[in-house]
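Please keep the view open while going through them.

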Amino acid sequence: MNPSGQAKTTAIVSYLTIIGTIIAYFMNLDPKDAFASFHIRQAFGIHITFYLIGALMGLFDEGFIVGAFYVFFIVLWGYGLVMAIKGETREVPILGPLFQKWFSTIS
């Protein structure tokens, strides 16, 4: 896949923050691009996972557990961002296929 410059920009913006994901969603409304939609779903899933698991991490006072959570999140986020920059549609490890399934209505 060779995404257009606009699609690539939209995909990269989607990883910046949850607000970036929302902005990217609206950037991709017209015309819709499959590459950008793919990365918007991945980024949205990563951000939602971060907030949901982060809420659970508040229950733990163990630095190792919290540290492992942040490493996991940074790996997913970094992988997704690098794939967007490279112009590739590879799902993030472990959760990527689920994000594509769960958020299939985001196109």
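Which residues of the largest nonpolar core touch the most other members?

1. In this predicted model, the largest nonpolar core has 21 residues, and among these Y15, I46, L76, V92 and F99 are the ones that touch the most other members. Helices α1 (5-14), α3 and α4 each supply at least two residues of this core, and α3 gives the most, with six residues.

2. Helix α3 (residues 34-57) packs with helix α4 (residues 63-86) at an angle of about 170 degrees, and their axes are 10 Å apart. Because angles over 145 degrees count as roughly antiparallel, α3 is roughly antiparallel to α4. On the α3 side the contact is made by residues including F35, I46, F50 and M57, and on the α4 side by residues including I65, F69, L76 and W77. Sorted by class, this contact has 14 nonpolar and four polar residues, with no charged residues.

3. N28 lies in the loop between α2 (18-27) and α3. Is this residue, N28, buried or exposed? N28 has a relative accessibility of 3%, so it counts as buried, the cut-off being under 20%.

4. The side chain of N28 makes a polar contact with the side chain of S37, at 2.8 Å. Not counting residues up to four places away in sequence, N28 touches T10, D33, A36, S37, I40 and S107.

Technical notes:
Residues are numbered from 1 along each chain as its sequence is written. This is a predicted model: local features need pLDDT of at least 70, side-chain atom pairs count only at pLDDT 80 or more; totals for chains, interfaces and linings use all residues. Side-chain values use heavy atoms; hydrogens and water are left out. Axes are lines fitted to C-alpha atoms, for helices over the stretch in contact, and angles run from 0 to 180 degrees between N-to-C directions. Helices (H or I, at least four residues) and strands (E, at least two) are DSSP runs, numbered from the N terminus. Angles under 35 degrees count as roughly parallel, over 145 as roughly antiparallel, 65 to 115 as roughly perpendicular and the rest as oblique. Contact means heavy atoms within 4.5 Å. Ala, Val, Leu, Ile, Met, Phe, Trp, Tyr, Cys and Pro count as nonpolar, Asp, Glu, Lys and Arg as charged, and the others, Gly among them, as polar. A nonpolar core is a set of buried Ala, Val, Leu, Ile, Met, Phe, Trp, Tyr and Cys residues joined through side-chain atoms within 4.5 Å. Buried means under 20% relative accessible area, exposed over 50%, partly exposed in between (1.4 Å probe, protein chains only). A polar contact is a pair of N or O atoms within 3.5 Å; within protein, one must be able to donate a hydrogen and the other to accept it, and residues adjacent in sequence count only if both atoms are side-chain atoms.
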